[in-house]
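Dear colleague,

Please find below the structure for your first reading. My notes on what was found follow directly after it.

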Amino acid sequence: MYSRKSLLTIIATCLFGVNSIAQDFDDAPKPYGALPTKRQLAWHETEMYCLIHFTPTTFQDKEWGYGDADPAIFNPKKFSAEQIVAAAKAGGFKGIISVAKHHDGFALWPTKTAAYNISESPWRAGKGDMVKEFQLAAQKLGMKFGVYCSPWDRNNPAYGTPEYVSIYRNQLKELYSNYGELFMSWHDGANGGDGYYGGKKEKRKVDQSTYYDWMNTWKITRAMQPNANIFSDIGLDVRWVGNEKGVASETSWSTITLVGKEGKAPMPGYMDDSNLGTGTRNGESWIPTECDVPLRPGWFYHASQDDQVKTPAILFDLYCKSVGRGGAFDLGLSPNTDGLLHENDVKVLKEFGALLKKVFDKNLIKGARLKASNVRNANDQHYGPQRLTDEDRYSYWATDDDVHQADLEIELLKPQTFNIIRLRENIKLGQRIDSVLVDKWKDGAWVRAANATSIGANRIIRMPESISTSKLRLKVYAPVSIALSDVGLFAEPRALKGPEHGERKGLEKANWASESSAAEKAFDNDDQTFFLTDKNAIVIDLGSKQNISAFGYLPRQDGKSIGTVEKYEYYVSDNGKDWRLAVTGEFSNVKANPILQYTALVEKVTGRYVKLLAKQSVFDNDKPAFSIAELEVYGRESKK
């Protein structure tokens, strides 16, 4: 077992490597705080990549596989890794991560460690290697390549025993050995639960703080793939942002002090996650955020979501709130049962890539006259403000050591109209800047236009309305000398704030009723209210008999998960007494991704009363709890 202090020592020395602090000039500012490694710098420069989910789960129309799917169902006859990777590249993404094994345990490569793998499927006559095809497509198209191998395995009969940890490590060794240089090794905090486990349908729990022995497991990564950034809740190189919305906090530090539970060292799925989104100002380690979000509502393909692909406008907003807040944008792609991205997904990615190019290819600051209130050692050649427009992330305007607040005036060649200001620090010297105030010149005076905190590797200030001006002034604040490396001004198209992606329309709720006024929060059409009870069900009277084709459960949206339903049963009744089971299942990944859980019915039903029963939910200190923000019921045409 590792103490918190020993863990940080391991991270700082054995695993993180030497910090990249070398500078070109002898009089450069001293580095401040925790610093990125060379591999982390390469990750920051990558900015955007895609995570590709494709297993038998896709053919089951599920979000998480249980581990019991027959490999015979996995036969994507039109599979094209190149079509998928090319679509990602058209979107401006620079890398892909193959989900080589998800929680269902089905390996997409012919592993020697477990029988449940792609060689047992009819695809490529049992001779295929999908991970290799993704790797070769990425190589051909100039994209970076990474892998994700789930630590939880709902199929493997050894899961939960020491034997499985050896199996898992051998799976990593195979992936590290046979698929070229990896830019990421992606991990999550999956720590057991219900599974098939070789036919023993049961729940298996593991000690989240010790079972995978992550520090020794990741030593394999460092030895075999030294340039691969390790992603998990705690890093070691890149941390989870704490949500699956693709959004970092407005103030987001790349440094963080990790905190475990019960006096134990922090581990994936076992830590105090309250500062994952914000990081820690002057934190002990440089572990920036990855903001992950699927292109569709779910991570796996569902035909029912073909009209719910995020629009280019939504993706641009997510880019500004992920890359634009010092992190990276990880977009989930999900091939269909043919083994291709749906045409709607391909179209959106292409349009998003074109949009990024249109916005950021034209920097309106070009040719501007820049004047700084202080320049380090009065050396304009090395540290002057002209360094801010040379498109080099690591050349920079710097101030003297005793100057912690400075002004930068920007006089444009002509008046310009824009709504985006991009700022970058030279993060080789740490994350130094606390805040920036932006003033515009208007009617002979300076007027406040915008402000930002936590600049770091990238900061996009996206103003709600465009401004027109011939001069700007930046007031920069830091606890040490300033080292700002980039200033850019950009204009997004006026029509960018387009419509949201398609949303299904449920039955009207005006005549609905329930057993209490508190329960009415579950159908008040307000996502921000929720019903919380120590019972395990809610019953709703729809007011009249309805034809029902699907149900929707929206978890509470306040950032907490107490009472969130994980396993469910929906019932219908004509009189509120005699109940008929309509559907049962699990809301996979609902804690991390608390979006509307849409459940379509294979056989349509009729009824006046609906009951949602929680077979399993997130308890409140081991006390039963049930919560719901909104229940949706979807109708169908009556047969004539």
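Glu 411 counts as partly exposed because its relative accessibility is 37%; buried means under 20% relative accessible area, exposed over 50%, and partly exposed in between, with a 1.4 Å probe and protein chains only. This is a predicted model, in which local features need pLDDT of at least 70 and side-chain atom pairs count only at pLDDT 80 or more, while totals for chains, interfaces and linings use all residues. Residues are numbered from 1 along each chain as its sequence is written, and side-chain values use heavy atoms, with hydrogens and water left out.

Glu 411 forms a salt bridge with Arg 369, and their closest N and O atoms are 3.5 Å apart. A salt bridge here is a side-chain nitrogen of Lys or Arg within 4 Å of a carboxyl oxygen of Asp or Glu. Glu 411 belongs to strand E15 (residues 405–425) and Arg 369 to strand E13 (residues 369–372), so the pair ties together parts that are 42 residues apart in sequence. Helices (H or I, at least four residues) and strands (E, at least two) are DSSP runs, numbered from the N terminus. In total, the structure holds 33 salt bridges.

Which residues does Lys 509 pair with? Its side chain meets that of Glu 630 in a salt bridge (2.6 Å, N to O), and that of Glu 632 in another (2.9 Å, N to O). Lys 509 lies in the loop between E19 and E20 and Glu 632 in strand E27, so this pair ties together parts that are 123 residues apart in sequence. Both Lys 509 and Glu 632 are buried, and Glu 630 is buried as well.

I turn next to helix H6. This helix (residues 162–178) has 17 residues and reaches 25 Å from its first C-alpha to its last, close to the 24 Å expected at 1.5 Å a residue; the expected span is 1.5 Å times one less than the number of residues. Its buried residues include Tyr 164, Leu 172 and Tyr 176. Among the elements that cover the buried residues of H6 are strand E2 (95–101) and helix H5 (130–140). H6 is followed by Gly 180, whose phi is positive, near 70°.

Leu 182 lies in the loop between H6 and E4, and it counts as buried because its relative accessibility is 1%. Not counting residues up to four places away in sequence, Leu 182 touches several residues, including Phe 145, Leu 175 and Ala 228; contact means heavy atoms within 4.5 Å.

Yours sincerely
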